[in-house]
Amino acid sequence: MRARRSLTMGTVALAIAAGLAPGASAAAPPDTPDSDRAATPVLNWSPCPGENGPMDYDCATARVPLSYRDPTGPQITLALGKRRATDQQHKIGTLFFNPGGPGAIGRVPRRMDPALSARFDVVGFDPRGTYASTPVACSGNPADDAKLFPEFPITEAAEADAIRQVGDVTSRCAQHAGPLLSHMSTANVARDMDLLRRAVGDRQLNFIGTSYGTHLGEVYANLFPQRVRALALDAVLPPREWTTGIKPGQQNEPYVYRVGAHLGAETALNTMLRDCAAHSACEFGEPGATEQSLRRKYDGLLTALRKGPVDITDSHGENMKITYQSLVNRMMGALRSSNAVESVTPFLQSVYLAIRNPAATTSAKFPVPALPRFSPAATDEPQSATMAWHYAVACTDSDNPRDPRAVGRYARKAEAAAPGFASAWIYSGLPCASWPVTDPDRYTGPWNRQTANPLLLVGNRLGDPATPYEGAVSTSQLLASARLLSVDIAGHGAYGHESKCVDQAVDSYLTELKLPPAGTVCAPDRRPFDPPSGG
């Protein structure tokens with residue numbers, strides 16, 4: 001694995017100079033980006049090195065233009081990984097994927113269902129500016145970059161501190177990160193992916209995108225509509241809300257407010273409480289509980305924790321101080337999957353008991369390691385490594401208010417509809433209010449260009465805490481040709497872990513270009529708190 005490195009102005013210049021193609025000229029850039037004039041990357045695949053020997057997939061690097069306005073000019077490097085199709089004789093082509101973020105690691109190729117792994121080479125890549133591709137950083141210290149995502153504030157003084165902390169990092173970011181920072185939009189990642197499609201020899205693109213990866217698919221479909229074979233988008237990010245908004249004036253709203261993830265989290269929480277009330281196995285429940293009574297119980301936790309933290313002891317005897325923010329963040333992480341939802345309810349019950357009797361030591365029964373925390377990058381990688389990458393994409397893709405205090409005003413406005421979740425999500429967009437650069441080549445529409453083949457979208461009807469179902473519905477109506485597959489679950493994404501119905505539909509679409517019937521709703525294989533299969 002390539003060591004991560006910071007990219008200062010000087011190192012960017014050296015990397016770009018070293019990447020100039022032989023005989024490349026310094027011609028003036030054309031008026032518009034042009035990926036067709038860029039050279040096709042050469043991919044020399046070889047076994048990926050690992051700590052304990054070669055990995056079970058191959059690696060390569062690709063050289064792509066820093067700017068597609070100058071496609072024969074300075075270049076940057078992308079890092080790729082590939083799992084070869086197990087049935088090479090009947091291979092359809094290459095299946096690219098993006099796991100989300102923006103900022104999630106991409107070069108480790110995903111293990112697909114046998115139906116896909118037999119028929120496709122599966123290729124992932126670290127998008128420009130991230131991980132083992134030529135990276136950007138806002139400072140020479142990863143811990144400083146992590147300050148782009150402070151704990152969300154609940155007081156005026158804490159808000160002022162967060163604004164100062166974030167502004168200190170963004171004020172230094174452009175100078176330290178160098179030219180690449182202004183070329184980080186999703187549109188440029190889509191242009192990179194089109195060069196990679198060409199490099200593997202495919203006439204049209206096959207792609208799976210999850211979460212932010214769905215926006216990469218949306219942009220690709222509208223930049224290169226005739227190059228679409230099959231794009232499966234799971235946990236759909238609505239493109240207009242992410243970029244500019246729909247109505248006049250919405251460009252002055254934080255992009256996270258427009259997307260409305262806090263409302264999806266609220267729906268997912270209520271689904272969890274409804275399931276909890278219906279199952280005696282849910283430790284946060286109680287005899288005769290209803291969704292409404294458990295909601296009052298949960299709101300009581302928030303009210304108490306705003307007054308001050310409580311201490312609980314986990315199953316290993318370690319003390320845990322639970323604050324209002326830490327409870328909300330744990331809930332935001334847990335609501336991403338049904339498995340985590342089952343783990344979070346004993347934690348909630350332990351907090352409830354500690355609040356009722358603060359003098360007692362409450363032993364928590366929730367699994368160790370600790371429950372997942374919320375991160376806007378939707379990745380398990382260290383925040384110190386991912387935050388600059390996340391905002392380098394999100395803030396250049398989207399319109400935002402330029403007054404950092406406006407972010408707090410929108411967070412407080414949204415709190416009534418989604419207590420806690422609104423602040424956690426909307427304050428996560430604080431860096432964009434002072435982000436120092438723009439990308440003139442970002443894509444903001446139109447979103448309805450007719451594609452060579454229809455797209456398949458997947459959305460969770462019972463609450464997605466990052467990409468609400470309503471966004472999947474509106475996107476299916478916005479794109480020129482798309483079919484929405486709905487799933488009766490809560491959580492973030494469904495393909496590959498929640499429903500055989502979803503997996504079969506996506507696999508059939510990618511291999512045979514067969515769409516599920518309009519209006520199809522898939523059921524989960526198992527509901528939260530149900531006994532294990534056969535139990």
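A: The account below begins with the cysteine pairs and then turns to the sheet, the cores and two further parts.

The model is a predicted one, in which local features need pLDDT of at least 70 and side-chain atom pairs count only at pLDDT 80 or more, while totals for chains, interfaces and linings use all residues. Residues are numbered from 1 along each chain as its sequence is written, and side-chain values use heavy atoms, with hydrogens and water left out.

A disulfide is a covalent bond between the sulfur atoms of two cysteines. Here it is assigned to a pair of cysteine sulfur atoms within 2.5 Å, and by this rule the count comes to five. With the bonded cysteines numbered in sequence order, their pairing reads 1-2, 3-4, 5-6, 7-8, 9-10.

One of these bonds links C48 and C59, with an S to S distance of 1.7 Å. The torsion about its S-S bond is 105 degrees, and the link is right-handed. C48 belongs to the loop between β1 (46-47) and β2 (58-65), whereas C59 is in strand β2, so the bond ties together parts that are 11 residues apart in sequence. Helices (H or I, at least four residues) and strands (E, at least two) are DSSP runs, numbered from the N terminus. C48 has a relative accessibility of 1% and counts as buried; C59, at 21%, counts as partly exposed. These classes refer to relative accessible area: buried is under 20%, exposed is over 50%, and partly exposed lies in between (1.4 Å probe, protein chains only).

A further disulfide connects C276 with C282, S to S 1.9 Å. Its torsion of about -85 degrees makes it left-handed. Both C276 and C282 are buried.

C501 and C522 are also bonded, with their sulfur atoms 1.9 Å apart. This link is left-handed as well, with -65 degrees about the S-S bond. Because C501 lies in helix α17 (residues 500-512) and C522 in strand β12 (residues 521-522), the pair ties together parts that are 21 residues apart in sequence. C501 is partly exposed at 30% relative accessible area, whereas C522, at 0%, is buried.

Strands of a sheet pair through backbone hydrogen bonds, either parallel or antiparallel; two strands are taken as paired if DSSP finds at least two bridges between them. The sheet is open and has 10 strands in the order β1-β2-β3-β5-β4-β6-β7-β10-β11-β12, with mixed pairing. Its edges are β1 and β12, each with a single partner strand, so one side of each has no neighbour in the sheet. β2 runs antiparallel to strand β3 (residues 75-83), and eight bridges join them. Within this pair of strands, C59 stands opposite G81 in β3.

Helix α5 (residues 186-199) packs on the sheet, touching β2, β3, β4 (93-98), β5 (120-126) and β6 (205-210), and its direction makes about 120 degrees with that of β2. Contact means heavy atoms within 4.5 Å; axes are lines fitted to C-alpha atoms, for helices over the stretch in contact, and angles run from 0 to 180 degrees between N-to-C directions.

A nonpolar core is a set of buried Ala, Val, Leu, Ile, Met, Phe, Trp, Tyr and Cys residues joined through side-chain atoms within 4.5 Å. The largest one has 123 residues, and L327, M331, F421 and W435 have the most contacts inside it. Helix α13 (residues 383-397) supplies the largest share of this core, eight residues. Apart from it lies another core of 22 residues, including F120, I208, L485 and V502.

L327 is one of the buried residues of α11, a helix (residues 324-334) of which 11 of 11 residues are buried. Cover for these residues includes α9 (261-277), α10 (291-307), β9 (319-322), α12 (338-356), α14 and α15 (421-426). Beyond its neighbours within four places in sequence, L327 is in contact with Y298, L301, L302, L305, I322, F347, L348 and V351.

Lastly, P401 occupies the loop between α13 and α14 (404-415). P401 counts as buried at 7% relative accessibility. Residues up to four places away in sequence aside, P401 touches Q251, N252, E253, P254, A406, C432 and A433.
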